[in-house]
Amino acid sequence: MKFTFGWLRDHLDTNASLQQIGDALTDLGLEVESINDPDEEFGVFATCRVANAWRHPNADKLRVCDLELFSPNAEEATERVQVVCGAPNARTGMIGVFAPVGARVPGTGLLLKQTAIRGVKSSGMLLS
């Protein structure tokens, strides 16, 4: 049977961590086969807003996007980065997900590196 951490926290009066709850369940005699913490895989991603998007000067099918990054529960942007994006729908005002340099793209395992794409600096990836 699978339980989410949120569900367990709703039904337990505790501030214990995920690992502490897993250990306590094992101590009670319940078999905990595995604990999957999605924050380990997805914790590096951030919510972003496209502050400005324009056509790449050296490529017809690419766009350059100036992104405002938001920390969890932040109302104001905490950082700005520039990325080159191949999505034709990337536009000013769009909300999306940003993968920083050093992140691995889920499903592909692709490790993101800072690079220049056709002469324009790109510091991560705008995800759909």
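Please keep in mind that the model is predicted.

I will start with the inside. The largest nonpolar core has 13 residues. Those with the most contacts inside this core are Val-50, Cys-65, Leu-67, Phe-98 and Leu-126. Three strands each supply at least two of the core residues: S1, which covers 46-55, S2, which covers 63-70, and S3, which covers 79-85. Apart from this core lies another one, made of six residues, including Ala-99, Ala-103, Val-105 and Leu-112.

Let me stay with Cys-65 for a moment. Which residues does Cys-65 touch, leaving aside its neighbours within four places in sequence? The list is Val-50, Asn-52, Ala-53, Val-81, Gln-82, Val-83, Cys-85, Ala-90 and Leu-126. Val-50 and Leu-126, then, are in contact with Cys-65, and both were also named among the core residues with the most contacts.

Next, the charged side chains. How many salt bridges does the structure hold? There are four. Arg-80 takes part in a salt bridge with Asp-66, where the closest N and O atoms are 2.5 Å apart. This pair joins distant parts of the chain, since Asp-66 sits in strand S2 and Arg-80 in strand S3, 14 residues apart. Arg-80 also meets Glu-68 in a salt bridge, at 3.2 Å from N to O. Here too the pair links distant parts of the chain, with Glu-68 in strand S2 and Arg-80 in strand S3, twelve residues apart.

Is Glu-68 buried or exposed? Its relative accessible area is 15%, so Glu-68 counts as buried, the cut-off being under 20%. Arg-80, at 47%, is partly exposed. Taken together, Arg-49, Asp-66, Glu-68 and Arg-80 are linked in a network of salt bridges.

Another salt bridge joins Arg-55 and Asp-60, with the closest N and O atoms 3.1 Å apart. Arg-55 is partly exposed, at 47% relative accessibility, while Asp-60 is exposed, with a relative accessible area of 64%.

Last, the surface. Which residues make the nonpolar surface patch of about 420 Å²? They are Met-1, Phe-3 and Trp-7. Phe-3 lies in the segment before helix H1, which runs over 5-11. With a relative accessible area of 44%, Phe-3 is partly exposed. A patch residue needs over 30%, so Phe-3 passes that cut-off at 44%.

That is the end of the talk.

Methods:
Residues numbered from 1 in each chain as written. Predicted model: local features only at pLDDT ≥ 70, side-chain atom pairs only at ≥ 80, totals over all residues. Heavy atoms only, no water. Patch = residues over 30% accessible without salt bridge, like charges linked within 9 Å, V, L, I, M, F, W, Y side chains within 5 Å. Areas by Shrake-Rupley, 256 points an atom, 1.4 Å probe, with all protein chains shown as cover. Helix = DSSP H or I, 4+ residues; strand = E, 2+ residues; numbered from the N terminus. Buried < 20%, exposed > 50% of the residue type's maximum accessible area, 1.4 Å probe, protein only. Core = buried A, V, L, I, M, F, W, Y, C linked by side-chain atoms within 4.5 Å. Contact = heavy atoms within 4.5 Å.
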